[in-house]
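Me: Can you take me through this one? I'll ask as I look at it.

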Amino acid sequence: MYELNLPPFDIKLSTRAGRPMVLDNLRRKYVALTPEEWVRQHFVHFLTGHKGYPKAYLANEVELKVGDKRLRCDSVLYNNVLRPRMIIEYKAPTVKIRQAVFDQITAYNFLLKVDYLVVSNGLQHFCCKMDYSGNRYIFLDGIPDYSDL
């Protein structure tokens, strides 16, 4: 797969019907190994293994409904009373992080009203803190430790 700007870890791979699969520790099942999924698994490991994010507060593939429309957040971090705190959007390493990606994650945030937005393609990572009073997001220098949220 791709070499990423994230720490390596002991990733669990498998094959099903000739298709590569990867173990998603949050969903507790093997899922199709796509370039985006490769980034997700590495990023979640980075958050839980290096930044102190509790695995129990993270969820992958969170579905949102707006009328008949269904949206899907790649990952969401909750607090201890299940209030969403952070939305994380992943892209394949070959996808450049552009304004359209921030527009996509901002659309999810209209529903969840989180404190932080994160975007990563495995090579570049961006974290923004929401400033609702100023109707903007403030880019941070890096991904904060969980204890700093």
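Me: Which glycine just after α1 takes a positive phi?
Reply: Glycine 52, with a phi of about 80°. Before going on: this is a predicted model, in which local features need pLDDT of at least 70, side-chain atom pairs count only at pLDDT 80 or more, and totals for chains, interfaces and linings use all residues. Residues are numbered from 1 along each chain as its sequence is written, and side-chain values use heavy atoms, with hydrogens and water left out.

Me: What does α1 span?
Reply: Helix α1 covers residues 35–50, which is 16 residues, and reaches 22 Å from its first C-alpha to its last. That is close to the 22 Å expected at 1.5 Å a residue; the expected span is 1.5 Å times one less than the number of residues. Helices (H or I, at least four residues) and strands (E, at least two) are DSSP runs, numbered from the N terminus.

Me: And arginine 40, buried or exposed?
Reply: Buried, with a relative accessible area of 2%. Buried means under 20% relative accessible area, exposed over 50%, and partly exposed in between (1.4 Å probe, protein chains only). Arginine 40 is in helix α1, where the buried residues also include Trp38, Phe43 and Leu47.

Me: What does arginine 40 touch?
Reply: Not counting residues up to four places away in sequence, arginine 40 touches Asp24, Arg27, Asn60, Glu61, Asp74, Ser75 and Tyr90. Contact means heavy atoms within 4.5 Å.

Me: Switching to the sheet. What is the strand order?
Reply: Six strands form an open sheet in the order β4-β5-β6-β7-β8-β9, and the pairing is mixed. Two strands pair if DSSP finds at least two bridges between them. β4 (58–66) and β9 each have a single partner strand, so one side of each is left without a neighbour in the sheet.

Me: How much are neighbouring strands turned against each other?
Reply: By 35° on average, direction ignored. Axes are lines fitted to C-alpha atoms, for helices over the stretch in contact, and angles run from 0 to 180 degrees between N-to-C directions.

Me: Which strands does α1 touch?
Reply: α1 packs on the sheet, touching β4, β5, β6 (84–90), β7 and β8, and its direction makes about 140° with that of β6. Helix α2 lies across β4, β5, β6, β7, β8 and β9, running at about 150° to β6.

Me: How do β8 and β9 pair?
Reply: In the antiparallel sense, over four bridges. Lysine 129 stands opposite isoleucine 138 in β9. The two strands form a hairpin with four residues between them, and asparagine 135 in the turn has a positive phi of about 55°.

Me: What about β7 and β8?
Reply: Strand β7 (residues 116–120) and β8 are also antiparallel, over five bridges. Their hairpin has four residues between the strands, with glycine 122 at a positive phi near 85°.

Me: How many aromatic pairs are there?
Reply: The count comes to nine. Rings of Phe, Tyr and Trp (its six-membered ring) pair if their centres lie within 6.5 Å; planes under 30 degrees apart count as stacked, over 60 as edge-to-face and the rest as tilted. One of the pairs is phenylalanine 102 with phenylalanine 126, edge-to-face at 6.0 Å centre to centre and 70° between the planes. That pair links helix α2 (residues 99–112) to strand β8 (residues 125–131), 24 residues apart.
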